[in-house]
Amino acid sequence: MTNVDMFDEIKKSDEIKSLKKRIKELEGINKQHQKLNGELQQENKRLKNDIERVTEENGNFEMMLRNKK
């Protein structure tokens, strides 16, 4: 191995270390996004249920008003 090749190996080693570090960072970000996505899906489901309930209550209220007339 020549002296120039030794520097290339060091460079590659440093690049590999930085890429591994970046992978760990991205995995952490991915985990956070998955958690947020799950929370948003649950909130969306709750809101849809609320909309259904309010729509049903509104229909019942309108029916009561019609019956009073």
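Let me start at the surface. Phe61, Met64 and Leu65 form a nonpolar patch there, with about 300 Å² of accessible area together. Patch members have over 30% relative accessible area and no salt bridge; nonpolar side chains (Val, Leu, Ile, Met, Phe, Trp, Tyr) are joined within 5 Å, like charges within 9 Å. A salt bridge is a side-chain nitrogen of Lys or Arg within 4 Å of a carboxyl oxygen of Asp or Glu. Areas are Shrake-Rupley, 1.4 Å probe, and for residues only the protein chains shown count as cover.

Now the ground rules. This is a predicted model: local features need pLDDT of at least 70, side-chain atom pairs pLDDT 80 or more, while totals for chains, interfaces and linings use all residues. Numbering runs from 1 along each chain as its sequence is written, and side-chain values use heavy atoms, without hydrogens or water.

Back to Phe61. Phe61 sits in helix α1, residues 3–68. Helices are DSSP runs (H or I, at least four residues), numbered from the N terminus. The chain has 1 helix and 0 strands.

Why does Phe61 count as partly exposed? Because its relative accessibility is 46%. Buried is under 20%, exposed over 50%, partly exposed in between (1.4 Å probe, protein chains only). Glu57 is also in helix α1. Glu57 is partly exposed too, at 43%. Across the chain, buried residues make up 0% of the 69.

Next, the overall dimensions. Along the principal axes, the C-alpha atoms fill a box of roughly 100 × 10 × 10 Å. Glu57 and Leu19 lie 38 residues apart in sequence, and 56 Å apart in space, C-alpha to C-alpha.

How values were computed
Helices (H or I, at least four residues) and strands (E, at least two) are DSSP runs, numbered from the N terminus.
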